[in-house]
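Please open the model in your viewer and keep the sequence panel beside it.

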Amino acid sequence: MSTVKINRIIAMATDPIYVGTGGFTIGRVDNTIVRDPITRIPKIPGSSMAGTWRYYMALELVSQIKEKQPHLNDIKNESDKSFDGKINQFIQSDKCDSFWKTKADKEWQKYCGNLIAKISCAGQDETSQANIENAPFEKNKENKSGHCGHCIVCKAFGFSKNDLSNQGMLFFSDLSILFFPVYTRLGTKWITSPKLLNKEIDIAENQIKTSKGDERHLNLGWLNLEVSGKHNISDVEKYKLEAKNIIIVPDSLISQIINSNLEVRTSVSIDPITGAAKDKALFTSEAIPRGTIFCGEVRGFNREGGNSLPKLGDIWRALNDSKQYYQSLGIGGMTTRGFGRMEILGELS
Ligand SMILES: [Zn+2]
């Protein structure tokens, strides 16, 4: 039997967010962003969430325990000597715990597999041809190490080695837009729709609902629409929004309004050698604007026979402790050009 625990993820873009498709051009935009293939509404793919959060968890872990880890050779010697080179047996043994130079402060950091955790446990695996027993000690031709296959990061997000692959304990859904900011004559408002909210709301084609309901007409960007009455959306504090700024638009319009209010920027490619602008190097990029609220989920699987696996509760705490990196390092591309930062709201448990 395996058990599943689902946590909702709510995120707010604090910069425009660019998660590119790599090479498609739509109209005048050169660098397009990932969209849902059916609704055409932009989204952040679950694979981007998993990749960034894996890196942030490894960053947080290594920065907290680097000074507490023993020398890698001590681990190798012990596992060769007492466990026939089977590092996984060493990690599950009573001996394991005594190898810490000093104990980590937090339970999730004390997990025995973390004795050999490295920053290279995130990112592309440079030693995927290694066998699991030797993975923590292996290096590739460029002297780079890869996923260790034993620490909380590798177990939570998965790894694939020559003789053992592990799916990981976490599955990230895509992050979809829940509330999207648009300019109106009354200031910035956040639009959403019945489908985005997963709610039945009675609303006519080409009409919108506001919290007051008496504006008669209101512009959403360049589109002027009739206000047909009040909505009863409240309880939006958890999204850092106010109910008075929420507007409901019909499902038939939401994609069009979002797509015509994306951030579009023109940039110049700089030649890295001369430091000057490249010839004909002007390009445009679209992005999801600052202030957009996303939602999605992460599922945690507790697999059977997983007595060597970290506890799911510890993985949620590890995710909570590393989510602040989204506010400084962000997600997606062009993070050096002021794109990509976001805030994960609320706690996972
Ligand atoms: Zn690892």
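This is a predicted model: local features need pLDDT of at least 70, side-chain atom pairs count only at pLDDT 80 or more; totals for chains, interfaces and linings use all residues.

Residues are numbered from 1 along each chain as its sequence is written, and side-chain values use heavy atoms, with hydrogens and water left out.

**The whole chain.** Begin with the protein chain in cartoon view, where the secondary structure comes to eight helices and 15 strands; these are DSSP runs numbered from the N terminus, helices being H or I with at least four residues and strands E with at least two. The C-alpha trace spans about 80 × 55 × 30 Å along its principal axes. Of the 349 residues, 52% are buried, where buried means under 20% relative accessible area, exposed over 50% and partly exposed in between, with a 1.4 Å probe and protein chains only. Among contacts (heavy atoms within 4.5 Å) between residues at least 6 apart in sequence, 68% join residues at least 24 apart.

**The zinc ion.** Select the zinc ion next, together with the SG atoms of Cys121, Cys148, Cys151 and Cys154, which coordinate it at 2.3 to 2.4 Å. Donors are N, O and S atoms within 2.8 Å of the metal (3.2 Å for Na, K and Ca), and sites may look incomplete because water is not among the atoms. The angles among the four donor atoms are 104 to 115 degrees, and the site is tetrahedral, a term applied to four donors if all angles lie between 85 and 135 degrees. In the sequence panel, the donor residues are spaced C-x26-C-x2-C-x2-C. Cys121 lies in the loop between helix H4 (107-110) and helix H5 (152-157), whereas Cys154 lies in helix H5, so the pair ties together parts that are 33 residues apart in sequence. Cys121 is buried, with a relative accessible area of 0%, and Cys154 also counts as buried at 0% relative accessibility.

**Helix H8.** Now select residues 312-322, which form helix H8, a mostly covered helix with nine of its 11 residues buried. Among the buried residues are Leu312, Ile315, Trp316 and Leu319, and also Asp314, Asn320 and Asp321.

**Trp108.** Which helix holds Trp108? Trp108 lies in helix H4, and at 1% relative accessibility Trp108 counts as buried. Show the residues that Trp108 touches, not counting those up to four places away in sequence: Met57, Glu60, Leu61, Asn114, Ile152, Asp314, Arg317, Ala318 and Asp321.

**Two loop residues.** Finish with backbone angles, bearing in mind that most residues other than glycine have a negative phi. Select Arg40, in the loop between strand E1 (3-13) and strand E2 (43-44), where phi is near 65 degrees, a positive value in a residue other than glycine. Arg40 counts as partly exposed at 40% relative accessibility. Then move to Lys240, in the loop between strand E10 (223-230) and strand E11 (246-248), where phi is positive as well, near 60 degrees.

Definitions and conventions. Four donors count as tetrahedral if all angles lie between 85 and 135 degrees; four count as square planar and six as octahedral if opposite donors are over 155 degrees apart and all others between 65 and 115; anything else is irregular.
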